[in-house]
Amino acid sequence: MSHDAFPFDDVRAGAIVAFHAAGVQDAGWAAAPPAMDAGAWQWIEANHRFNRLLWDTEDQARRRDVPDAAIAANKRAIDGFNQKRNDAVERIDEILLARLAEIAPRAGARLHSETAGAMIDRLSILALKVFHMGEQTRRTDVDAAHVATCRDRLARLSLQRDDLAGCLDDLLAGAARGAACWRIYRQFKMYNDPALNPYLRGKGSG
């Protein structure tokens, strides 16, 4: 790849924010077959899908009118979705970093502690928060104070998303120039791994 070519044209923050927004506005999106089958967008889509499923399942896990077994099933589903969400973040980073293989960071390049994949994950979560807070502002079964509070929160969430989108574009632009860099920080989730969680292999400390 030429050093003059920008390696991240397809993953600019504006496109990602629009994709996330469409995914939360469509009630059936998370249950539909994946539309992307390769590259960074395959994992951007997967990450957003698992965040959608996590959001819905987290809500269900707070129910008090169902048997405990239903809540236990929700909690197990949450563990699985969260693992897959984090796996997708790592795959996004792997693919984006591979595009920088020919671009060596300059001396003194800024090491970014938050990866591009993690920022995309946060944008996905903010899309969910913006959407659901927006729904609260349109409720007619609550008082004006509730609506006003939610409108204020919606404005703050929207600003947070705009700020984060700008930071993502800035990181990618800096990385393309060799002025910024990031590394993959593996999650190594121990609680889901029978080799690491003693309770999963029948050797709990009880």
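Trainee: In what order do the elements of the protein run from the N terminus on?

Mentor: They run α-α-α-β-α-α-β, which comes to 5 helices and 2 strands. Bear in mind that this is a predicted model. Its C-alpha trace spans about 60 × 55 × 35 Å along the principal axes, and 38% of the 206 residues count as buried.

Trainee: Why is asparagine 74 called buried?

Mentor: Asparagine 74 has a relative accessible area of 6%. Buried means under 20%, so asparagine 74 is buried. The residue lies in helix α3. Leaving aside neighbours within four places in sequence, asparagine 74 is in contact with Thr57, Gln60, Ala61 and Arg63.

Trainee: What makes alanine 5 partly exposed?

Mentor: Its relative accessibility is 32%. The buried class ends under 20% and the exposed class begins over 50%, so at 32% alanine 5 counts as partly exposed. Alanine 5 is found in the segment before α1, which covers 13–25.

Trainee: Which residues of α2 and α4 meet?

Mentor: From α2 come Ile44, Asn47, His48, Asn51, Arg52 and Trp55. They meet Ile120, Asp121, Ser124, Ile125, Ala127, Leu128, Lys129 and His132 in α4. The residues of this contact divide into 6 nonpolar, 5 polar and 3 charged.

Trainee: What makes α1 oblique to α2?

Mentor: α1 and α2 pack at an angle of about 40°, with their axes 11 Å apart. Since roughly parallel stops under 35 degrees and roughly perpendicular runs from 65 to 115, the pair is oblique. The crossing of α1 and α2 is right-handed. On the α1 side the contact is made by Ala15, Ile16, Phe19, His20, Gly23 and Val24, and on the α2 side by Trp41, Ile44, Glu45, His48 and Arg52. By class, this contact has 6 nonpolar, 3 polar and 2 charged residues.

Trainee: Which residues have the most contacts inside the largest nonpolar core?

Mentor: They are Val11, Ile44, Leu96, Leu168 and Trp182, in a core of 34 residues. α1, α2, α3 (68–98), α4 and α5 (144–177) each supply at least two residues of this core, and α5 gives the most, with 9 residues. Apart from it lies another core, of 7 residues, among them Phe50, Ala61, Ile78 and Phe81.

Trainee: What does valine 11 touch, not counting residues up to four places away in sequence?

Mentor: Valine 11 touches Ile16, Ala40, Trp41, Ile44, Leu96, Arg99 and Leu172.

Trainee: How do you know that residues 24 or more positions apart matter to the contact count?

Mentor: Take the contacts in the protein with a separation of 6 or more: residues 24 or more positions apart account for 72% of them.

Definitions and conventions: Residues are numbered from 1 along each chain as its sequence is written. This is a predicted model: local features need pLDDT of at least 70, side-chain atom pairs count only at pLDDT 80 or more; totals for chains, interfaces and linings use all residues. Side-chain values use heavy atoms; hydrogens and water are left out. Helices (H or I, at least four residues) and strands (E, at least two) are DSSP runs, numbered from the N terminus. Buried means under 20% relative accessible area, exposed over 50%, partly exposed in between (1.4 Å probe, protein chains only). Contact means heavy atoms within 4.5 Å. Ala, Val, Leu, Ile, Met, Phe, Trp, Tyr, Cys and Pro count as nonpolar, Asp, Glu, Lys and Arg as charged, and the others, Gly among them, as polar. A nonpolar core is a set of buried Ala, Val, Leu, Ile, Met, Phe, Trp, Tyr and Cys residues joined through side-chain atoms within 4.5 Å. Axes are lines fitted to C-alpha atoms, for helices over the stretch in contact, and angles run from 0 to 180 degrees between N-to-C directions. Angles under 35 degrees count as roughly parallel, over 145 as roughly antiparallel, 65 to 115 as roughly perpendicular and the rest as oblique. A crossing is left-handed if the near helix is turned anticlockwise from the far one by less than a right angle, and right-handed if clockwise.
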